[in-house]
Amino acid sequence: MELILPFIIGILYSASIYLILHRHFFKLILGLILSGLATNLFLFVIGRLTRGGSAIIGPDENVAVEPFADPVPQALLLTAIVIGFGIQSFTIVLIKRVYQSFGTTDLDDMSTTDQIEEHH
Amino acid sequence: MFLAILAGFLLAFAAPLLHRWLGKWVLVPMATLPFSIFVYLLTLTPAVLGGDKLGELHDWAPSLNINLHFFLDGLSLLFALLITGFGTLIMLYAGGYLKGHPLLGRFYLYLTLFMTAMLGLVLAGNIISIFVFWELTSISSYLLIGFNQDKEKSRNSALQALLVTGLGGLALMGGLILLGMAGGSYTLSELLERGDLVTNHALYLPALVLILLGAFTKSAQFPFHFWLPNAMEAPTPVSAYLHSATMVKAGVYLLARLTPVMGGTDEWQYTLMLVGGITTVLGALLATQHTDLKAILAYTTISALGLLVTMTGIGTAPAMEAMVVFLLAHALYKGTLFLVAGNVDHATGTRDLTQLTGLSGSMRYTAIAALLAGMSMAGLLPFFGFIGKELLYEATLEESPFRWMLFAVSFFSGMVFVAVAIALGFGVFWRRSTKPTPLQHPDKLLLYLPPVVLASAGLVFGLLPGFFVTPLLRRAAESMLGVEQVFELALWHGFNLVLGLSLLTMALGYVVYRYANRLLSYASRFNKLYLFGPANLYQLTLKGFLIGATKITATIQNGYLRSYIAAIVTAQISLVVLALWDDGPRLELGNRLHELSQLRLYEVVLLLMIVSALVFLFKSQSRLTSIAIMGIVGYSAALLYILFGAPDVAATQLLIETLTVVIFVLILHKLPTFKYLSHATERYKYVLISLTFGAVMTYVILIVKQYPLDSQLKAYYGQNSYLLAHGRNIVNVILVDFRAFDTLGEIVVLAVAAIGIMAMLKLRMQKGEKP
């Protein structure tokens with residue numbers, strides 16, 4: 001798994017960047033979500049994988065017993081996922097607003113303010 | 001001297017205010033200043049003529065060896081007297097020329113600023129201060145040329161002059177710094193004694209090239225001469241003062257000033273003689289191709305500047321003598337002729353030589369000034385110009401390998417000067433005409449007095465050369481030669497070769513004047529040549545810069561998000577590759593392949609699910625399907641977290657993924673279907689960028705995982721979560737206890753996002769209102 005996951009992450013990154021580079025606003029959001037996902041996995045994998053043992057101290061112990069997963073990347077991940085969600089929802093609403101106002105989801109139509117004026 | 005400069009700057013900036021208070025009488029204080037400085041300088045004259053060199057030191061930036069150091073010797077005094085004396089007359093003249101102009105105050109501001117800067121330049125005793133004043137003259141010249149700012153040609157000419165002299169100024173700064181390094185001092189008086197040290201220094205050649213660039217651009221030497229005729233867009237007082245008598249001579253002054261320091265070498269001599277010679281001939285030639293009075297004067301000025309540079313290049317005692325005499329003579333007659341041209345333009349409304357005739361009746365005093373100046377320019381006995389011309393011929397005819405070439409150059413320009421002098425001094429005014437050009441207004445005192453004074457000075461200096469001029473010019477020439485020099489100016493040298501050549505010049509000059517029209521008709525044949533001329537080159541460069549800047553901006557800032565992203569990603573890839581290229585850690589996969597055998601079946605299924613989901617995502621045309629597929633990828637990631645001991649993360653991921661899908665479906669169901677919008681070639685480019693980025697990230701993880709992770713945090717939290725914070729779920733404890741403030745920050749981010757979303761959803765744009 002330790003050898004395979006880096007490749008999966010690479011594939012996710014490639015897919016996300018390719019989607020971000022699209023002209024379509026919708027695909028941009030998909031790309032952003034995928035990129036967030038890839039980054040989370042990246043952090044997770046960098047912090048080493050531990051099969052089984054979660055970072056929880058058993059009812060009978062006072063300290064955690066090996067093997068237990070590194071809690072630090074997990075804490076980072078939790079924060080990252082939640083903030084990523086905030087960004088995603090914001091962009092999703094933004095695209096809706098942009099479509100309502102300008103009637104387009106093509107990013108190239110938004111390259112300059114002047115061009116947007118012309119659409120009216 | 002410091003006070004004089006300071007007073008100049010103060011008065012300059014007070015000029016607009018004074019104009020408001022005093023109206024047209026603003027010329028009184030403006031002319032008083034240069035006149036009082038002129039008188040002050042005269043009081044210093046006896047000391048300088050006695051051979052003294054006066055200095056005055058004020059600290060400016062002593063730690064950098066830059067001081068406000070003033071230095072007065074013969075050469076500085078000659079220029080300073082010229083600047084203030086001529087300045088006084090110009091201030092008066094400008095008051096008459098621009099009478100009633102609403103911006104007269106501003107004009108005086110610029111003009112006084114220039115005069116003070118120019119004065120500072122010739123009085124400066126520190127080469128860095130020379131540079132500062134030098135740049136000030138360029139800037140004030142820019143403002144003055146562009147004084148009629150509502151005319152496009154005026155603005156372009158001003159910009160051209162600024163760019164050419166400004167670029168030269170930059171070169172000069174480099175050159176002066178190198179000179180300071182070579183000579184070990186920035187102080188002029190010290191440098192003047194270290195000529196041998198400087199010329200033998202390794203930095204001599206680069207310093208020379210840069211300083212010459214500065215001097216040549218300022219003094220309109222070939223191939224930088226083209227800005228000067230264009231600068232004639234300025235009001236005539238400016239043309240007369242800056243672009244004939246003073247500023248354009250700053251380059252000559254600098255060369256003269258530095259002659260004892262840098263002169264005497266082959267590089268110096270040949271460059272100056274060559275460039276000066278070409279400029280002399282070219283200026284004289286071009287002068288015959290124009291009928292605009294100011295254009296003719298501008299080109300003859302270029303020619304005269306070329307002569308001055310050539311003389312400086314020759315560098316012998318007679319050449320230096322000729323140079324200072326010719327410099328003074330030229331300033332006097334050329335300044336007069338410019339003022340005369342301004343008068344004619346002002347009174348008749350035209351400057352075209354072919355339309356002007358018979359003005360002597362209506363403009364009596366101007367006509368007299370023109371005649372006097374013309375005779376001096378032609379080099380007639382007993383004018384000062386005659387002495388200048390004799391000395392020029394003598395200096396070129398000295399024993400040297402180039403004597404005939406040098407003589408030919410000065411002879412040719414002398415011939416053209418005679419022709420121009422006849423045309424301007426005689427043709428416009430005194431040639432009999434049945435139909436004199438009508439005047440719009442009669443001659444005015446303020447307009448004809450300055451040229452008459454200047455022209456008479458040319459006559460008085462010629463008649464009495466020994467009285468005041470000779471000692472001054474002698475000291476000036478000494479400043480350049482660096483040794484004591486016996487110096488006699490006499491009007492009459494007897495019948496000799498030079499006199500004969502002078503007469504020949506006259507005769508041939510008259511011939512040129514007679515056949516000027518035929519010469520003019522050749523003008524069109526030169527047009528093709530101009531295409532390759534420096535003026536055209538300048539235009540092309542300027543245009544090229546504009547186009548280039550527009551293109552670069554359009555490329556870098558094109559407004560397309562994806563090109564920005566592509567650039568960022570590419571840069572990141574390059575940085576990583578650069579860091580890993582040479583001595584970065586090497587990837588060794590060989591001994592880790594056995595890890596593959598620990599792979600479990602359900603893990604493989606999970607991974608295959610992610611990959612196939614991505615494949616479907618790219619094939620899908622429907623928005624809803626894409627959203628569902630994104631859900632699959634997210635849930636798979638959540639499962640991965642569960643498998644590797646992160647139940648909290650997995651729970652959050654599941655929750656968030658569900659919420660995202662819900663929001664997507666709720667909000668985006670009204671959008672249009674997908675279209676493939678990108679070009680095929682662009683798509684391949686983006687595929688390449690994306691794949692490379694993925695590969696780089698994979699490589700980075702693999703490299704990182706090759707080394708053991710030494711995290712003391714894991715052990716610390718494992719030890720203390722329960723004992724200190726009384727929680728058994730370590731991740732939870734970190735979030736709400738150990739790093740609680742981070743979590744607070746996260747909540748704030750979410751709250752801000754929520755507010756933004758609310759705002760966007762609630763915002764109802766009114767009909768017709770622009771978003």
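B:Asp742 is partly exposed, with a relative accessible area of 42%; partly exposed lies between buried, under 20%, and exposed, over 50%, using a 1.4 Å probe and protein chains only. B:Arg739 also counts as partly exposed, at 42% relative accessibility. These two form a salt bridge, with the closest N and O atoms 3.1 Å apart. By salt bridge I mean a side-chain nitrogen of Lys or Arg within 4 Å of a carboxyl oxygen of Asp or Glu.

Before going on, the ground rules. This is a predicted model, where local features need pLDDT of at least 70 and side-chain atom pairs count only at pLDDT 80 or more, while totals for chains, interfaces and linings use all residues. Residues are numbered from 1 along each chain as its sequence is written, chains are lettered from A and ligands numbered from 1 in the order in which they are written, and side-chain values use heavy atoms, with hydrogens and water left out.

Now the whole chain. Chain B has 32 helices and two strands, taken as DSSP runs numbered from the N terminus, helices being H or I of at least four residues and strands E of at least two. Its radius of gyration is 39 Å, whereas a compact globule of 771 residues would be near 28 Å; the radius is taken over C-alpha atoms, and the globule rule is 2.2 Å times the number of residues to the power 0.38. Along the principal axes, the C-alpha atoms of chain B fill a box of roughly 120 × 65 × 55 Å. Of the 771 residues in chain B, 52% are buried.

Back to the salt bridges. Over all chains, the structure holds nine. B:Glu233 pairs with B:Lys151, N to O at 3.9 Å. What does this pair tie together? B:Glu233 sits in the loop between α10 (227-230) and α11 (236-245) of chain B, and B:Lys151 in the loop between α5 (127-145) and α6 (152-183), so the bridge joins parts 82 residues apart in sequence. B:Glu233 is buried, at 19% relative accessibility, and B:Lys151 is partly exposed, at 41%.

Another case is B:Arg474 with B:Glu478, whose closest N and O atoms are 3.1 Å apart. They are four residues apart in helix α20 (residues 469-481) of chain B, so about one helical turn separates them. B:Arg474 is partly exposed, with a relative accessible area of 24%; B:Glu478 is buried, at 10%.
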